[in-house]
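Work through the exercises below with the sequence and the 3D view open. Try each task before reading its solution.

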Amino acid sequence: MSATLAVRGLSVFYGQMQALHGVDIDVPKGQITALLGANGAGKTTLLRTISGLNTPRSGSVRIDETELVGKPAHEVVSAGISQSPEGRQVFPNLTVRENLQLGAWIRKDKDGVRADMDRVVGLWPRLGERLAQRAGTLSGGEQQMLAIGRAMMSRPRILLLDEPSLGLAPVIVAGIFETIQAVNQEGTTVLLVEQNAHLALKIAHWGYVLETGAIQKRAPAAELLDDDAIRAAYLGG
Amino acid sequence: MRQGALAYGILALLLAAVWGIELFLVPWTDPYLTDIVIRVGINLLAVMGLALVLGFTGQFSLGHAGFMAVGAYAAAASTLYAGVPPVGGIVVGGLVAALAGFGVGLPTLRLSGDYLAVVTLGFNGIIIVLIQNSPALGGAQGLTGLPVATTFGLTFTCVVLGGLFIRNLLVSPLGRVFEAVRDNEIATRSLGIDTTRAKVLAFVVGAFWAGVSGALIAYYRSSIFPSQFQFDRSIEQVAMVVLGGTGSLSGPLIAATILSALPEVLRPVAQYRMVIYSIVLIAMMILRPTGLLGNHELSDVLKRLWQKRPGARSTAA
Amino acid sequence: MTLLLQQLLNGFSLGAIYALIALGYTMVYGTLQLINFAHGEVYMMGAFAALYLAKVSGVADNPTIPGAIVVMLGAMAFCAVLGMTIERVAYRPLRNSSRLNMLITAIGVSLLLQNLGLLMFGALQDFPSLLPEARWTVSGVMVRSNDLVIFGVTATLMVVLTWIVERTQLGRAMRAVSHSRDAAALMGIPADRIVVATFAIGSVLAGAAAVLVAMDKHTIRPDMGMTFGLKAFVAAVLGGIGSVPGAVAGGLLLGLAETLVSGYVSSTFRDAIAFLLLILILLYKPSGLFGKHVPEKV
């Protein structure tokens, strides 16, 4: 169920502009790794590149021993990486059930898919009540739950989450983070991108700080929580 | 030297050259050759308008021949029914076609470019149907009895005026707006520029010169027929612009010259003409989507060949 | 009253055909934001494929229901292969270039097929009856067996299509890809294969429409897809481009409008109706009758 993700020397360009400068990241098996950074630091670019939506100019992305660079995005999912993208990106005209069914696109085991759908509904009963509703009619929090649940439907070995707290009320965010932790404890490796550093570090084992496309710091999450410089920059003092 | 004076100097020089040729060369030239040259000139006028619309502004008009039809029939009607002399008829043809361009362009150009392709294509078809069903315009049998006035001199006077007009438009600040609309319309709009107005303007100017081109056809053989302005003529003009280079004025004009003269040379393969055009269009889009000259002008290319080093003008678009 | 009923019947019959072709435009537009100008020519080629099949199989000389079904299925299969080939050869290399370039390519493919058709088949050919034909007069209205065949085949195909789009994983993926190719790729959905499937399904419907029209009109021409295809595209825009029920509604509406105008006003303006409707809808409701968004995506 779980795997290690290793990013080495990843450089990504948008035209002439370099968005990532030789980024190295390790996401250890079974743990939650938090990636912190300001807007525009390159967090989303990193996740998009891991998922194969962007092509790096150089560097490698490995899940266990399998190289992912060069694989099209849809094959990265088969390799065991699933992403809940920035801005949630649920399919608004499809129902909640259909969104979840598409999350299981790569799978052929109907019974397993049904069981996993029950599992997602068990985590978020509110989705269960709205299975036949179009995803576009859900609230922001519900859409975020759906986006994460949908990403879980492929039974990923590594789950990438891009800003799950974005634009949501604190109560809802707390619930979502609890669920992320629960999913991790069931054995899924998680790479969590967040601007809300405090929340992210609280559930994470490791933390990275990304600034203008380069890793500035890597440390155990607890250590980053106590780091004065990090507190000043990302935790509001 | 001042820009304005230079431009008038060039204009005077070119017109003098055109009329010099008309007076001293044409009378001693094989009429068959003159005929080809005049027909090339008429195509040049239509194509330079389309180069502005399609090449520079990025709006896919598929009914340019429809505007030629409007110009041709407006000119012919003004002469037959109101006694307007040919030179006035040419102006009438251009203006009426420009008006038609405004009517077609205004509702359509607000939307994404795809709709323009369909509407202009439909416009081309409707115009032909309307003319064919209009007894006053001669129906399918066409209009006859027009005065013959389209000479080498008149045609190329229009070509020179049209060419300089469009060139000046392109080097003006408005020209930058046209290209910005083509390259990224949303970004251009976010700068507070009224992109619809720019597109409509380009479209109206393009239609005007298509109308002039049609009027010249009306006064060339003393008769016109709806079948001269069918859809395949519009396609041919699109092929010329795409082939010559989107974002170039001289490129499409070169392509128009070659492609208008080619059928005369290659009579035996005339039936394959449209097949060849379509293959060339597809291959061009896949292999070299910017056309032969890309966004360069002939003068850039010559300059670069002369200097034998690259970078005469930036290719970044 | 009888005349009106007759016009309505004819209008629905024509509209059903428009709807079948409009579906191909709307589905491809939904996934690629491309007006597939060549779709009308796929339809035309389907008619000539059916003619060839009817001659070779002997159905042309001995019209039977199974024979007609074989010819129709053959034409549909041929169109599917043709549609997928066009996508692979002409459109896929341009997946990342500008929409203008894709549009020009689509026009190029359309012209190529039309002119190849002209070279290969000549200006027009007769099309045989694939089925024994009959006509009845029901309280003054003439009902032809061909109308019933058109309604039956169209309704069947609509049901199958709706089932695919609404109830299968492929249909869900098609809707997902048309919303966002990136988001779909994150589900592991190979967008290119979904696009191919979209072309195949749209072309199959065009193939069926071609056989229905050919059986009805008894002549087929290399330029039959040009105007007819464009009108079907207009029908798709009327209903709201990208919307499957919209394409059906738009097709029926256009069919009715055309027959009513040629019945009560003048048949010469029949071909102008579609484009007048298009300009009106672009002016007043650019998203179409069933559309949700203004059709402006860049």
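**Exercise 1.** How many bridges join strand 6 of chain A to strand 7 of chain A, and do these strands run parallel or antiparallel?

*Solution.* This is a predicted model, in which local features need pLDDT of at least 70 and side-chain atom pairs count only at pLDDT 80 or more, while totals for chains, interfaces and linings use all residues. Residues are numbered from 1 along each chain as its sequence is written, and chains are lettered from A and ligands numbered from 1 in the order in which they are written.

Step 1: find strand 7 of chain A at residues 158-162. Strands (E, at least two residues) and helices (H or I, at least four) are DSSP runs, numbered from the N terminus.
Step 2: count the bridges; strand 6 and strand 7 of chain A are joined by 4 and run parallel. Two strands pair if DSSP finds at least two bridges between them.
Step 3: check one bridge, in which A:Ser82 has A:Leu159 of strand 7 as its partner.

**Exercise 2.** Give the strand order of the open sheet of 6 strands in chain A.

*Solution.* Step 1: the order is 6-7-8-3-9-10, and the pairing is mixed.
Step 2: strand 6 (81-84) and strand 10 (214-220) of chain A are the edge strands, each pairing on one side only.
Step 3: from one strand to the next, the twist averages 20°.
Step 4: helix 1 (residues 43-50) of chain A packs on this sheet, and its direction makes about 150° with that of strand 7 of chain A. Axes are lines fitted to C-alpha atoms, for helices over the stretch in contact, and angles run from 0 to 180 degrees between N-to-C directions.
Step 5: helix 6 (residues 140-152) of chain A lies across strand 6 and strand 7 of chain A, at about 170° to strand 6.

**Exercise 3.** Describe the hairpin of strand 1 and strand 2 of chain A.

*Solution.* Step 1: strand 1 (residues 5-14) and strand 2 (residues 17-27) of chain A pair in the antiparallel sense over 7 bridges.
Step 2: one bridge sets A:Phe13 against A:Gln18.
Step 3: 2 residues lie between the strands, and A:Gly15 takes a positive phi near 65°.

**Exercise 4.** Which chains share the most contacts?

*Solution.* Step 1: two residues are in contact if their C-beta atoms, placed from the backbone, lie within 7 Å.
Step 2: of the 2 pairs of chains in contact, chains B and C share the most contacts.
Step 3: chain B gives 33 residues and chain C gives 35 residues.
Step 4: helix 5 of chain B supplies the largest share of chain B's side, 11 residues.
Step 5: no contact joins chain A and chain B, and their closest C-alpha atoms lie 11 Å apart.
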